[in-house]
Amino acid sequence: MTRVDTAIVRRVSSSIADCALSFIDRAPIDVDAARLEHFRYVQALVAAGITEVVDIEGGGDGEDFDEFPDGVFVEDCALVFDDVALITRPGAPSRRGETRRIAEALSAYREIVEMEAPATLDGGDVLRAGGLVFVGVTARSNPDGLAALARICGGLVPVVVNGALHLKSCVTAIDDETLLIDRAKVDADAFAGFDLVDVDADEDANALRVNDTTFVQRRPKKLPSQKKTTTLALPELAKAEGALTCCSLLFRR
Ligand code: CIR
């Protein structure tokens with residue numbers, strides 16, 4: 001896995017309670033608690049080797065700080081490759097405006113390519129593992145979005161997702177060989193060649209790899225003991241249907 005040293009993040013909006021929700025019921029979100037969680041998340045990234053953190057809201061006085069309830073979930077807005085950054089067109093119309101500031105921030109590091117209508121794609125649907133790019137076919141990511149991504153990355157493996165927001169809600173890598181997977185929601189045959197570790201129905205398959213650290217919100221019971229993980233829980237952001245991978249764009253500058 002490529003080592004990463006840079007993170008783009010966006011602090012939690014005051015309007016997060018108005019977030020988009022697809023598969024969970026709305027519950028009250030404590031904005032201060034969510035911001036503290038996010039602060040700890042950023043600290044954890046730094047502990048894992050991130051040396052430059054770009055918070056696109058700066059001191060929290062940005063012009064559209066309150067405008068985007070889901071802004072903290074920056075992963076959905078871009079895919080950063082070695083030479084270009086693809087700015088997505090998020091599947092939820094309420095989220096499309098989030099990409100402008102992300103593109104501005106990424107333009108300091110990469111050539112920018114913008115996805116165009118009618119394509120839609122959320123970064124949460126894109127799993128890069130074992131030299132392959134797997135992309136969820138979900139309510140958020142349509143065939144035009146997959147085609148636009150394929151033009152950039154040269155080829156991809158489409159994976160149908162059932163009953164989850166994104167592909168990475170149901171499958172992520174914990175190391176180069178091993179994937180956590182919720183087989184009830186994705187077809188495991190798409191991931192032949194990997195060691196698959198099943199999560200139980202009440203467990204989370206979203207792990208975040210940052211250099212030598214693999215973060216999980218809660219360690220899956222079936223994960224073999226020799227697989228090392230670091231716990232990093234995001235209970236408030238989970239009420240906005242967010243998970244670990246969603247809250248950063250990680251790359252090597
Ligand atoms: C949404 O529905 O778009 C947000 N409430 C949650 C996005 C989570 N993003 C991700 O998993 N990549």
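# Packing inside a predicted model

Visitor: Leaving aside its neighbours within four places in sequence, which residues are in contact with Phe 215?
Guide: Contact is taken here as heavy atoms within 4.5 Å, and with neighbours within four places in sequence left aside, the partners of Phe 215 in this predicted model include Ala 44, Ala 48, Ala 207 and Leu 208.

Visitor: Which residues have the most contacts inside the largest nonpolar core?
Guide: Residues are numbered from 1 along each chain as its sequence is written, and side-chain values use heavy atoms, with hydrogens and water left out. Because the model is predicted, local features need pLDDT of at least 70 and side-chain atom pairs count only at pLDDT 80 or more, whereas totals for chains, interfaces and linings use all residues. A nonpolar core is a set of buried Ala, Val, Leu, Ile, Met, Phe, Trp, Tyr and Cys residues joined through side-chain atoms within 4.5 Å. The largest one has 27 residues, and those with the most contacts inside it are Tyr 41, Leu 45, Val 210, Phe 215, Leu 237 and Cys 247.

Visitor: From which element does the largest share of this core come?
Guide: Two or more core residues come from each of strand 1 (6-9), helix 1 (31-47) and strand 12 (208-210), where helices (H or I, at least four residues) and strands (E, at least two) are DSSP runs numbered from the N terminus. The largest share, 5 residues, is given by helix 1.

Visitor: How many of the 8 residues of helix 2 are buried?
Guide: Buried means under 20% relative accessible area, exposed over 50% and partly exposed in between, with a 1.4 Å probe and protein chains only. Among the buried residues of helix 2 are Thr 99, Arg 101 and Ile 102, and their cover includes strand 1, strand 2 (52-55), strand 3 (78-80), strand 4 (84-87), strand 5 (111-114) and strand 15 (249-251). Helix 2 (residues 99-106) is largely enclosed by the rest of the structure, because the number of its residues that are buried is 6.

Visitor: What is the value of omega for the cis peptide bond that joins Ala 117 and Pro 118?
Guide: Pro 118 lies in the loop between strand 5 and strand 6 (126-129). The peptide bond from Ala 117 to Pro 118 is cis, with an omega of about 10°.

Visitor: What is the phi of Asn 211?
Guide: Asn 211 is found in the loop between strand 12 and strand 13 (213-216), and with a relative accessibility of 8% this residue counts as buried. Although Asn 211 is not a glycine, its phi is positive, at about 55°.
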